[in-house]
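Please examine the structure shown below before reading the notes that follow it.

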Amino acid sequence: MELLLISTLKVILVFAIVLGALSPLAGWAERRQSAMIQDRVGPNRASIGGFRAWGLFHPIADVIKLMTKEDFVPATRNRYLHTAAPMIAFWSAVVTFAVIPFGPWLQIANLDIGVLFIFGIASLGVYGATIAGWASNNKYSLLGALRASAMMLSYEVTLGLTVVGVLICFSTVGAQELVVAQAGPIWNWGIFKQPVAFVLFFVAAMAATKRAPFDLPEGESEIVAGYFLEYSGMKFVMFYMGEYIEMFLWSALATVLFFGGWQIPWVPFEGQTWYEFAGVAKFLAVLVAIAFLQMTVRWTLPRFRYDQVMDLGWKMLLPASIGNVVVTAVVIIATPAGGVLQRVALLVGNAVVVLVALAVAAAMKGENKIGVTTEALRTQRSEEAVH
Amino acid sequence: MLSSYLPVLLMIVAGIAVAGGMLALKSLLGPRNATPEKQKPFECGRESTGSAHARFSIKFYLVALLFIAFDIEIVFLYPWAVVAKGLGVVGLVQMGVFLGVLVLGFIYVWKKGALEWD
């Protein structure tokens, strides 16, 4: 009974953090940030009693507006699947937060299979996008759904493989245990053992959230809005929020795996109250920083072409992540545990992976379209047109 | 042991409740006046022709097949990764053979051109 009560409180708290604070603030921050990047003013009109607060009230205005919007749908849709898809997309993003350890006590369930649980539930999000596109009975939606499913599946392989290196280093899949293993000096953090894995994880996570430069399933200028083209009002919000929550999910997982979770470097956890709150604050700070980085990338890079995305996923990230797993395993087993030698050897191994990957990429440049410039493609096309 | 999954169940139910609640709010607050024009699938203002469930490239099917092979590989890697330190060299060699077979398959798939998109 007590467990039920405490878990209910935790669930409410996590929902308050994720849905009540992070998502609306992210929506506001992203609009302001994109305005800054593009030299615009950005949203600053919504006001309560003449008080504008830099547009901070815009998320509230958005929610009220979208709640009162008409939800119009194509008559030829599949009624049940069309309604189920946004629920799946939203649900799969939210439920993964059950195992994210925000703090020493602020974790809904400390499962032994923590990271595996996150991957298991998060990959259900593919169903949301695919079913949405199929049930809409719209050609653009179908194209978007196909792109979404193929892209998300491809990058999920990399996402799963990059984590294996970290798991070898810390010998656990439990989210809380991973954080505890990174206590002490800052070089105990995952990022100092697996820097390459972090970069690969970050790129694959950006693709998994389907945001620019990986927003091909949505591609406004190509397929209008892709798989959620036929969604409006609250159902659209559920896709939109699901995307934001997923962004926070991967940022949170990156914090757990690579940035010590709630551990503050050099400060030992002594079970004191102030430390627990400071830990939660540190976790949220790192999470927001990684999410901010994702937003910056989103507003900086243009969209890939589809063959470029698939090439990047299968021909570069996947071999690099396999190489990283092999090198990490060899180094961890060959060197004495916990020593300076092991730390240095891990970094050297990572550098080797990067160098080999770059060399292979350079060697592939002729046959691989990633390296081909638009100019070269254009001449190739015009030559083909002549023949 | 099983009780540690009770909070997860709670979270799952809460997730469904919030998602359902959002849909309920929509149908409570949103207006409803559908017209035949509104209910057409959007195709940039043109009359829609034929079913949207058309044929699509077999490439997507190939990607799904490859994904299954690699995802199952990863599922096998996870338990090994957790006990890799304890298993030592023996485990490393065994996993190396397992990974090696898959990498060979990957190279074959690459050379066959299954990863090309044009």
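The model is predicted. Chain B and chain A bury about 6600 Å² between them, and residues of both chains also take part in a nonpolar surface patch.

**The interface of chain B and chain A**

- The size of an interface is often given as the accessible area lost when the parts come together.
- For chain B and chain A, this area is about 6600 Å², and 77% of it lies on carbon and sulfur atoms.
- Chain A brings 83 residues to the contact, and chain B brings 67 residues.
- Five residue pairs are in polar contact between chain B and chain A, where both residues have pLDDT 80 or more.
- One salt bridge is found across the interface of chain B and chain A.
- The side chains of B:Lys26 and A:Asp71 meet in a salt bridge, at 3.2 Å from N to O.
- On the side of chain B that touches chain A, helix 1 and helix 2 (59-112) of chain B each supply at least two residues.
- Helix 2 of chain B provides the largest share of that side, with 22 residues.

**The nonpolar patch on the surface**

- The patch is formed by A:Met1, A:Leu3, A:Leu4, B:Leu6, B:Leu9 and B:Val13, which together have about 580 Å² of accessible area.
- Helix 1 (2-37) of chain A and helix 1 (6-29) of chain B each supply at least two residues of the nonpolar patch.
- Which helix gives the most to the nonpolar patch? Helix 1 of chain B does, with three residues.
- A:Leu3, one of the patch residues, is located in helix 1 of chain A.
- A:Leu3 counts as partly exposed because its relative accessibility is 42%, a value between the limits of 20% and 50%.

- A:Arg211 lies in the loop between helix 9 (195-208) and helix 10 (220-223) of chain A.
- When residues up to four places away in sequence are not counted, A:Arg211 touches A:Glu30, A:Met206, A:Glu243, A:Tyr244, A:Met247, A:Met295 and A:Arg298.

Key:
Residues numbered from 1 in each chain as written. Chains lettered and ligands numbered in written order. Predicted model: local features only at pLDDT ≥ 70, side-chain atom pairs only at ≥ 80, totals over all residues. Heavy atoms only, no water. Helix = DSSP H or I, 4+ residues; strand = E, 2+ residues; numbered from the N terminus. Contact = heavy atoms within 4.5 Å. Patch = residues over 30% accessible without salt bridge, like charges linked within 9 Å, V, L, I, M, F, W, Y side chains within 5 Å. Areas by Shrake-Rupley, 256 points an atom, 1.4 Å probe, with all protein chains shown as cover. Salt bridge = Lys/Arg side-chain N within 4 Å of Asp/Glu carboxyl O. Buried < 20%, exposed > 50% of the residue type's maximum accessible area, 1.4 Å probe, protein only. Buried area = accessible area lost by both parts, 1.4 Å probe. Polar contact = N/O pair within 3.5 Å; in protein donor to acceptor, adjacent residues only side chain to side chain.
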